[in-house]
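I have set aside some time for this model and kept a notebook as I went. Here is what I looked up, entry by entry.

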There are 4 protein chains.
Amino acid sequence: MSSELGNNIKVSIFGQSHAEAIGVTVDGLPAGEAVDLDRLQAFLQRRAPGRLDVSTPRKEEDRPHILCGVLNGRTCGAPLAAVIENANTRSQDYEQLKDIPRPGHADYTAQVRYQGFQDVRGGGHFSGRLTAPLCVAGGICLQILERRGIEIAAHIRSAAGAEDRPFRELGEDPETLEELRRSPFPTLDQKAGENMRREICRAREQGDSVGGVVECIIQGLPAGLGSGMFGGMDSRLAAAVFGIPAVKGVEFGAGFEAARLRGSENNDPYRVEDGRVTAGRNRAGGILGGITTGMPLLFRAAFKPTPSIGKEQDSVSLSAGEGRKLVVHGRHDPCIVPRAVPVVEAVAAILTLDALLDPPAVLPGRLRRGGEKNGDRDT
Amino acid sequence: MSSELGNNIKVSIFGQSHAEAIGVTVDGLPAGEAVDLDRLQAFLQRRAPGRLDVSTPRKEEDRPHILCGVLNGRTCGAPLAAVIENANTRSQDYEQLKDIPRPGHADYTAQVRYQGFQDVRGGGHFSGRLTAPLCVAGGICLQILERRGIEIAAHIRSAAGAEDRPFRELGEDPETLEELRRSPFPTLDQKAGENMRREICRAREQGDSVGGVVECIIQGLPAGLGSGMFGGMDSRLAAAVFGIPAVKGVEFGAGFEAARLRGSENNDPYRVEDGRVTAGRNRAGGILGGITTGMPLLFRAAFKPTPSIGKEQDSVSLSAGEGRKLVVHGRHDPCIVPRAVPVVEAVAAILTLDALLDPPAVLPGRLRRGGEKNGDRDT
Amino acid sequence: MSSELGNNIKVSIFGQSHAEAIGVTVDGLPAGEAVDLDRLQAFLQRRAPGRLDVSTPRKEEDRPHILCGVLNGRTCGAPLAAVIENANTRSQDYEQLKDIPRPGHADYTAQVRYQGFQDVRGGGHFSGRLTAPLCVAGGICLQILERRGIEIAAHIRSAAGAEDRPFRELGEDPETLEELRRSPFPTLDQKAGENMRREICRAREQGDSVGGVVECIIQGLPAGLGSGMFGGMDSRLAAAVFGIPAVKGVEFGAGFEAARLRGSENNDPYRVEDGRVTAGRNRAGGILGGITTGMPLLFRAAFKPTPSIGKEQDSVSLSAGEGRKLVVHGRHDPCIVPRAVPVVEAVAAILTLDALLDPPAVLPGRLRRGGEKNGDRDT
Amino acid sequence: MSSELGNNIKVSIFGQSHAEAIGVTVDGLPAGEAVDLDRLQAFLQRRAPGRLDVSTPRKEEDRPHILCGVLNGRTCGAPLAAVIENANTRSQDYEQLKDIPRPGHADYTAQVRYQGFQDVRGGGHFSGRLTAPLCVAGGICLQILERRGIEIAAHIRSAAGAEDRPFRELGEDPETLEELRRSPFPTLDQKAGENMRREICRAREQGDSVGGVVECIIQGLPAGLGSGMFGGMDSRLAAAVFGIPAVKGVEFGAGFEAARLRGSENNDPYRVEDGRVTAGRNRAGGILGGITTGMPLLFRAAFKPTPSIGKEQDSVSLSAGEGRKLVVHGRHDPCIVPRAVPVVEAVAAILTLDALLDPPAVLPGRLRRGGEKNGDRDT
């Protein structure tokens with residue numbers, strides 16, 4: 001029950017970091033949607049390790065193999081399944097972790113929950129590697145959304161204490177978003193990116209790691225998506241984003257800052273522009289009462305620093321019941337935030353498509369008789 | 001699909017602010033659990049309006065009437081249903097809002113989604129009043145948890161910019177938590193509370209409103225609760241907390257601050273204490289890999305300022321398609337944060353009990369033959 | 001988790017036979033749908049006890065009180081909640097059943113599962129009385145469907161061994177269905193109905209009871225509803241129908257008879273009629289591969305004889321661990337089948353509306369921008 | 001949403017008959033369970049085509065490749081994924097079916113629903129071939145259940161009009177069940193099996209096909225499993241069994257026959273035997289009020305005759321909108337019932353394990369503190 005996402009499309013992630021393979025099934029994807037494998041691969045490349053001087057030297061092809069659900073380049077209505085082989089694994093690095101858990105990792109909690117049966121190699125099912133199949137699902141959803149004018153992009157809002165400028169509340173122009181997608185270290189302000197990278201390198205040199213904040217924007221969303229209370233876009237997105245390993249906080253629009261504002265500062269006054277209802281600012285982050293306003297949906301996710309650090313740490317031997325010094329070996333990112341950027345976009349894409357597939361809040365008076373106009377295609 | 005919470009217990013909220021009644025059904029509550037109605041009422045009183053100089057003068061009894069699911073003072077295994085009548089409604093205050101939506105409210109998004117059929121009176125189903133039945137469900141769950149040594153409490157971490165001290169990461173003593181529960185304006189530091197109240201009053205005098213942050217602690221949780229990815233305690237709790245109206249951010253443990261820390265500062269080093277594995281600090285907020293560590297679970301929720309303010313605001317007439325000045329009448333809290341405190345506790349209690357009812361991660365080798373020892377009760 | 005039905009609309013039943021009330025919440029009903037309370041009441045009357053010489057003399061008003069979810073006679077998008085008070089209860093009839101379970105009832109299994117905490121009065125949550133709120137939900141769904149040209153009706157296909165003629169596979173004319181709905185003992189062949197009633201009376205005189213089969217037809221369904229495997233209309237309908245107390249079998253189209261046919265007899269050959277694809281017969285019962293064909297959907301449900309009989313039966317004392325003779329007192333239908341007819345229709349209506357609200361299998365290329373044409377209503 | 005099964009364990013089937021592969025993911029399997037691949041293969045062999053003179057000559061290895069979720073021969077708590085390659089496909093047989101649908105198949109309904117994007121080759125996702133991964137999931141569940149004394153077996157109750165004797169209501173001895181599992185054409189009465197095979201061959205010679213009924217028994221179940229209304233074991237099992245292609249009816253215990261019995265004949269009188277509550281007969285099929293009684297759970301599923309027959313049939317050209325004669329080529333079973341036997345067992349195993357993992361109806365008073373006794377294993 002742990003690895004499934006979505007109400008209308010069901011994204012189900014499988015695999016362990018050092019199992020034979022990792023992968024994903026997506027049930028409920030609309031049929032007839034073109035899947036561009038090259039663009040999907042390019043999207044996955046953004047998450048892949050080894051692309052940056054600031055990430056882990058482990059290199060994986062991360063090339064998904066689509067087993068079913070796509071026919072002649074289009075989704076066919078049957079569940080899609082995609083598999084990524086785990087080629088480049090070095091399992092010997094992880095042997096001791098079952099007894100001496102790494103601080104900040106799931107080693108200890110998994111041991112308690114699964115009573116020693118869990119796969120500890122590379123973090124097992126808790127590894128950040130599981131975000132690769134999530135990106136396969138998300139990358140396909142992104143293509144479906146883009147054809148309908150919905151754009152999703154994210155950047156590194158902050159890392160190691162250095163800050164990028166925030167997204168403009170009223171939206172960014174498409175070129176800016178496209179540039180972010182092309183960048184291996186996506187920031188809106190290049191200078192900010194350089195500061196971040198310098199800080200990340202410094203931490204790595206000291207055998208340490210840093211965290212950061214990813215900010216995501218969804219543009220072109222229709223108003224009226226999502227519903228009240230626990231069906232809200234914020235509820236659903238937050239649940240999904242907290243499913244990404246290392247996320248410790250999620251906020252929408254003004255977020256925690258809203259708690260420091262007055263109502264007169266935080267309310268977005270409405271106005272009419274080109275015959276459409278809009279607002280002059282977007283503190284709400286595009287969501288009111290759980291429902292989209294039609295303005296850009298904006299949210300941020302806080303990532304903790306990579307728990308695997310080179311420095312010696314205090315841990316315990318679970319079998320001996322006493323303290324142990326621990327030095328974590330293996331290959332690790334000093335900061336996973338740059339690679340988390342497409343993962344956040346992927347999750348946003350899945351949840352956005354999922355919400356688009358929600359049952360209608362008002363049912364049309366006249367039903368379309370299936371079969372009347374055979375072969376009728378809207379796409 | 002909007003108003004339901006939980007995987008194992010299903011909490012379903014119904015009602016509109018000015019409908020005949022609001023209420024809740026809870027399906028899947030364990031049988032045999034005593035329900036103390038006086039304690040439940042006392043818990044609800046903490047959320048009730050009109051208790052504070054800083055809240056709305058609308059007074060409601062908020063007395064839930066349990067229709068079924070309880071027999072001789074104990075849950076009987078059948079769904080519990082409870083109803084609260086809406087007595088003190090003044091619907092005429094809300095007539096114009098269907099055409100001229102209040103900034104910061106769900107008026108506009110509900111209008112788009114429900115195409116004019118929604119109940120706008122008092123915010124309808126989007127009203128904060130719907131947190132009363134949520135507290136009925138949560139209050140019952142709290143009683144079930146307390147009998148098993150699990151304690152939940154929350155305080156106002158900040159309001160109107162004034163700050164209370166945070167909860168101690170390693171836990172608070174029971175008396176402190178009990179004191180918070182007794183206080184109409186629960187802060188750990190009395191002075192901080194006074195500052196907050198002063199600021200809230202000032203905002204009200206200016207026809208404005210303020211927001212704040214509620215911090216919640218869950219103590220006595222067993223380690224090993226929740227599971228990876230989207231089954232994590234953080235995912236599940238966050239989805240629920242964002243279902244509370246006005247929440248714009250949720251964070252666990254160090255939260256957004258973790259993004260500014262180094263791994264060596266954010267990892268909680270393990271140690272053995274009295275034969276148990278624990279840690280000297282709790283930046284993780286009691287969750288690693290989505291699974292509880294056995295240390296206190298700590299999270300914070302950011303509430304935006306009440307959108308209903310006395311000041312004149314810019315809005316639009318949806319029918320005329322042009323701008324309008326709007327002054328919101330009616331009775332409103334200048335700050336809903338004090339009343340949100342028990343609501344956060346309620347949600348935490350529901351989700352905690354829900355997680356306790358998760359299927360076991362490891363199945364016992366020998367099944368209990370139901371019927372062998374009839375009448376065998378563990379409670 | 002036990003008392004909830006539906007994927008898109010969530011029908012949640014609550015109450016025990018002798019609790020203060022029984023009721024239902026329906027989350028996810030489309031907004032803007034007129035609810036005709038008189039027609040709803042007329043529908044409920046068909047299920048109500050005491051209407052027939054062959055049913056229990058217990059009389060209940062079964063008048064649902066709608067607490068919320070309906071505004072000015074139309075659904076408003078918020079969950080609908082309806083309550084029926086339990087007025088006419090005689091709980092003393094049931095005292096001994098906790099120790100000496102009635103054969104054929106849930107007394108024993110509920111005792112094992114709920115360890116004595118369950119409400120045994122009148123069967124508690126397992127009572128057939130819980131079908132009244134199910135009919136409230138179903139009756140509202142029926143009105144929504146009828147406005148869209150979908151008609152649902154059922155009849156007593158057999159009772160006490162006497163048989164009515166089956167529904168015509170290609171559909172019945174509306175007058176026939178209307179007549180069934182008006183009849184207190186709905187059969188297509190009046191003579192068959194008289195035979196059944198005679199047999200039922202004979203069984204009652206002998207302190208015994210009888211079962212029967214209800215057949216249901218859904219006409220006017222579009223083709224293309226439902227999906228493969230576990231999303232099939234048959235899977236979903238069967239799960240719901242088995243939720244009605246006393247159902248022991250469900251079959252679609254030719255059903256168990258299909259197992260005795262050859263492929264050449266059971267396949268429905270296609271033909272074109274008035275430009276539409278149809279078939280000259282309907283052994284499939286309107287479902288192929290879980291998806292509706294556009295022909296009438298036909299299914300039957302087998303109801304066991306009422307387990308409460310006047311004859312002395314063998315049971316056991318659970319406390320003493322030895323045999324006991326049992327004579328069941330109280331008021332009971334010698335045959336619940338006539339009253340089950342509208343319940344089957346109700347369940348069919350809920351599941352049909354639920355399927356109509358399924359996400360589209362093919363997503364339109366152009367999204368409707370919510371908010372562009374405000375107030376646009378399709379109903 | 002169509003291809004997923006289970007509340008606590010989530011079985012998700014993927015693949016099309018002629019896609020590169022078919023497979024299954026199982027999320028929520030308890031950790032620490034041994035998976036015997038040889039026994040799993042032997043179980044799958046029972047479903048595999050080409051094993052009998054009465055089945056299709058298409059031969060497939062049906063050798064599942066487990067990608068993850070199993071470590072050192074035991075489940076590790078992470079989702080299990082298994083893939084079966086589709087080697088022996090002859091897709092040219094199916095080209096015309098998109099325009100001229102086969103009667104009795106999902107060709108037409110899938111065309112309406114998926115608007116021509118569906119994979120028609122070999123029936124696509126609607127193919128009986130998808131029951132192979134279902135058997136992978138079920139075969140693993142069977143092993144878990146057997147270790148806990150729960151046995152599941154099925155036989156051909158009838159085929160082509162010839163009848164086997166029914167299972168004994170009070171249970172069969174283990175040897176009988178083991179013999180059924182070893183038989184390629186499992187009947188309790190050998191003579192009956194011979195009659196069936198003769199009739200099946202006769203139908204095949206005439207270019208026709210036949211259906212049949214599979215009966216399944218679950219022995220060793222604890223009493224108290226499942227819950228009322230829509231959470232009943234019957235509801236949940238029926239939904240799953242109707243997900244098997246070609247099933248048109250499901251009944252429990254006396255089933256449709258119960259509708260012809262009197263209460264005094266259908267009620268199972270209780271008695272005490274060896275200190276346990278039991279009954280002298282089992283018309284209920286082991287379920288009362290949706291909850292298991294502790295007696296054998298018995299159900300039957302009716303399979304329609306294979307729709308693919310050699311005889312010429314009437315169909316239509318969807319593009320031309322007029323009638324066409326159709327002769328179905330390809331390799332097809334004249335009767336799929338023998339191969340359906342392990343599929344029914346598989347579904348029963350999945351749903352039984354799923355119910356065993358239901359939340360407890362009564363919560364223990366004292367919680368097990370995870371982490372107190374590390375490494376404590378119950379299996």
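**Entry 1: a hairpin in chain B**

Through how many residues does a hairpin join strand 2 of chain B to strand 3 of chain B? I found five residues in that link. Before going on, I noted that this is a predicted model, in which local features need pLDDT of at least 70, side-chain atom pairs count only at pLDDT 80 or more, and totals for chains, interfaces and linings use all residues. Residues are numbered from 1 along each chain as its sequence is written, while chains are lettered from A and ligands numbered from 1 in the order in which they are written.

My strands (E, at least two) and helices (H or I, at least four residues) are DSSP runs, numbered from the N terminus. Two strands pair if DSSP finds at least two bridges between them. Strand 2 of chain B and strand 3 of chain B run antiparallel and are joined by six bridges. One pair I looked up is Ser12(B), whose bridge partner in strand 3 of chain B is Thr25(B).

**Entry 2: the other neighbour of strand 2**

Strand 1 (residues 4-5) of chain B also pairs with strand 2 of chain B, antiparallel, over two bridges. Here Glu4(B) has Ser12(B) as its bridge partner. These two strands form a hairpin too, with four residues between them, and Gly6(B) in the turn has a positive phi of about 105°.

Stepping back, I traced an open sheet of five strands in chain B, in the order 1-2-3-7-4, with antiparallel pairing. Strand 1 and strand 4 (65-68) of chain B are at the edges with a single partner strand each, so one side of each has no neighbour in the sheet.

I call a residue buried if 20 or more other C-beta atoms lie within 10 Å of its own, exposed if 12 or fewer, and partly exposed in between, with C-beta atoms placed from the backbone. In a regular strand the side chains alternate between the two faces of the sheet. From strand 2 of chain B, Lys10(B), Ser12(B) and Phe14(B) point one way and Val11(B), Ile13(B) and Gly15(B) the other, and all are buried. With six of its six residues buried, strand 2 (residues 10-15) of chain B is therefore largely enclosed by the rest of the structure.

Next I picked Gly23(B), which sits in strand 3 (residues 21-27) of chain B. Gly23(B) counts as buried because 30 C-beta neighbours lie inside 10 Å. What does Gly23(B) touch, leaving out residues up to four places away in sequence? Among its contacts are Phe14(B), Val83(B) and Pro133(B), and from chain C come Leu67(C) and Ala81(C). For contact, the C-beta atoms of two residues, placed from the backbone, must lie within 7 Å. Gly23(B) and Val83(B) are 60 residues apart in sequence but 4.2 Å apart in space, C-alpha to C-alpha.

**Entry 3: chains C and D**

A turn of 180° with a shift of 0.0 Å along the axis does it, at an RMSD of 0.0 Å. That is the relation of a two-fold axis. The same surface serves both copies, as 100% of the contact residues of chain C recur in chain D. Within chain C, Ala239(C) comes closest to the rotation axis, its C-alpha at 2.5 Å.

Nonpolar here covers Ala, Val, Leu, Ile, Met, Phe, Trp, Tyr, Cys and Pro, charged covers Asp, Glu, Lys and Arg, and the others, Gly among them, are polar. Strand 11 (residues 247-252) of chain C runs antiparallel to strand 11 (residues 247-252) of chain D, with three bridges joining them. One bridge partner pair is Glu251(C) and Gly249(D).

**Entry 4: chains A and D**

Last, I found 49 residues of chain A in contact with 49 residues of chain D. Strand 3 of chain A gives the largest share of the chain A side, five residues. That side divides into 18 nonpolar, 22 polar and nine charged residues.

How values were computed. Copies are superposed by least squares on the C-alpha atoms of residues with pLDDT of at least 70 in both.
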